[in-house]
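Here are my notes on the model you sent over. Have it open beside you while you read.

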Amino acid sequence: MVSVHSAVSVIMAKRDGGELSDEQIDWVVDGFTRGEVADEQMSALAMAILVRGMNRREIARWTGAMIESGQRMSFADLPRPTVDKHSTGGVGDKITLPLAPLVAACGAAVPQLSGRGLGHTGGTLDKLESIPGWRADVPVPDMRRILADPAIGAVICAAGADLAPADKRLYALRDVTGTVESIPLIASSIMSKKIAEGTAALVLDVKVGAGAFMKTLDAARELATAMVELGTDAGLRTVALLTAMDTPLGRTAGNALEVAETVEVLSGAGPADVVELTLALAREMLAQAGIGDVDPADALADGRAMDHWKAMVRAQGGDPDAALPVAAHTEIVTAARSGTLTRLDAMGVGLAAWRLGAGRARQGDPVQFGAGVEMHAKPGEPVVAGQPLLTLHTDTPEAFPAALDALRDAYAIDAAAVPGSAVPDRGAPVSIVLDRIAP
Ligand code: URA
């Protein structure tokens, strides 16, 4: 159909640095959803947006048009306040797993619509699917029942096909056209799904560093600000934490390995960085939900968060007490010298875990639940020559050489560095939370 807003004229307007009108944005997103704007035209527009950017009005309108491409959910009638968290993605980022039941244990309802992993960062659903019996598909009436149940209160499940379908198609195009790394497109992609999901409040975990989309604090601040503005303008109480992603979170990267680490955290132990970030995000979520006087550390220590985890897993068909899948083969990387581990790159570890089979190359590929990387030392910790540094897990041992190759330059041991709380590469005390962006 020929229209005054032909796709070519919209592409050319943005290509030449113009602002898109509300009508142009509505028309192009609607046309793309209905198949009248071709994939190659939307790809060209995405590239023009990546190069030229969009202003606040354009981003808000684009986000609204993506929401309108599907159904909007609402949990406003639940007896408890709803709050969700979204992370922009990092290596070893299993935080959603302990966080959702922890926040539910403190009195909020947590509707988490999550995705599967693509590339070097793992997907929350892939991790949970390593629990025998657990199912990612939860019909909306069951979601409501689980969220309203004070003994559960959290659901982590796959987004239905009608949640911002324009984003789903556009994200697939961006993935293969070099147009993922656009702040307006990332912000609108994430926020269209979160606003359509119907949560009343949202805490964003925007990752910064070599293992994240956003490599610098300035870029992460710009993305966080765009998302906080979008949420606030849509009536969603939204704040963002900027958190470090130079080195993996915790001591595991890989599906079942990360579930096992989650259970450690919920048992009151687990790696300090995972506990720190889980509690920091929980405090923000509870404050956004209006129950900021509850201390989530108590619910972690006294087992209430663990009870909610088990109930949440069971509500989705899983057996929280079943043995987790274990990979058939392991290979150990040892320290070549004694000293302090000064660097362990998230990107190298993520790539190694992916090559071992923990991630997928194409949408729809299977993942190996037991595959991944276990880290026996983290930056700042002392190591002794010959001690295990990393254990690689896979069912496909032919993957070891490629995984080892990804790790070859991914870590450094300094014989002279002093172990302790300072990571020499970052030059500052280790704190996961780097900044906070509020409306
Ligand atoms: N996650 C999303 O959902 N969308 C993006 O564009 C990037 C990360």
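The points below go through the strands, the ligand site and the charged pairs.

1. **Ground rules.** This is a predicted model, in which local features need pLDDT of at least 70, side-chain atom pairs count only at pLDDT 80 or more, and totals for chains, interfaces and linings use all residues. Residues are numbered from 1 along each chain as its sequence is written, and side-chain values use heavy atoms, with hydrogens and water left out.

2. **Lysine 85.** Start with lysine 85, which sits in strand E1 (residues 84–87); strands (E, at least two residues) and helices (H or I, at least four) are DSSP runs, numbered from the N terminus. A salt bridge needs a side-chain nitrogen of Lys or Arg within 4 Å of a carboxyl oxygen of Asp or Glu.

3. **What lysine 85 does touch.** Its side chain makes a polar contact with the side chain of threonine 96, at 3.1 Å. (A polar contact is a pair of N or O atoms within 3.5 Å; within protein, one must be able to donate a hydrogen and the other to accept it, and residues adjacent in sequence count only if both atoms are side-chain atoms.) Leaving out residues up to four places away in sequence, lysine 85 touches a list of residues including Asp93, Thr96, Gln112, Leu202 and Asp205, where contact means heavy atoms within 4.5 Å.

4. **Strand E2.** Strand E2 (residues 110–114) is largely enclosed by the rest of the structure, because 5 of its 5 residues are buried. Val110, Gln112 and Ser114 point one way, and Pro111 and Leu113 point the other way. In a regular strand the side chains alternate between the two faces of the sheet. E2 runs parallel to strand E3 (residues 154–158), joined by 5 bridges; pairing requires that DSSP finds at least two bridges between two strands. Across from valine 110 you'll find alanine 154 in E3.

5. **E4 and E5.** Strand E4 (residues 201–208) pairs with E5 in the parallel sense, over 8 bridges.

6. **The open sheet.** There's also an open sheet of 3 strands, antiparallel, in the order E10-E8-E12. Its edge strands, E10 (382–383) and E12 (411–414), each pair on one side only. Strand E8 (residues 339–344) is joined to E10 by 2 bridges, and glycine 339 has valine 383 as its bridge partner in E10.

7. **Ligand site.** Which residues are around the ligand? They are Tyr171, Arg174, Ile186, Ser189, Ile190, Lys193 and Phe213, taking a heavy atom within 4 Å as the cut-off. Polar side-chain atoms of arginine 174 and lysine 193 lie 2.9 Å and 2.5 Å from an oxygen atom of the ligand. The side chain of serine 189 has an N or O atom 2.6 Å from a nitrogen atom of the ligand.

8. **Salt bridges.** The whole structure has 31 salt bridges. Lysine 207 pairs with aspartate 205, with the closest N and O atoms 2.8 Å apart. Are these two buried or exposed? Lysine 207 is buried, because its relative accessible area is 0%, and aspartate 205 counts as buried at 0% as well.

9. Arginine 251 and glutamate 381 meet in a salt bridge of 2.4 Å, N to O. This pair links distant parts of the chain, 130 residues apart: arginine 251 is in the loop between E5 (237–244) and E6 (252–253), and glutamate 381 is in the loop between E9 (372–375) and E10. Arginine 251 is partly exposed at 26%, and glutamate 381 is partly exposed at 25%.

10. **One network.** Finally, take a look at Glu19, Asp22, Asp26, Arg57 and Arg61, which are linked in a network of salt bridges.

Note on methods: Buried < 20%, exposed > 50% of the residue type's maximum accessible area, 1.4 Å probe, protein only.
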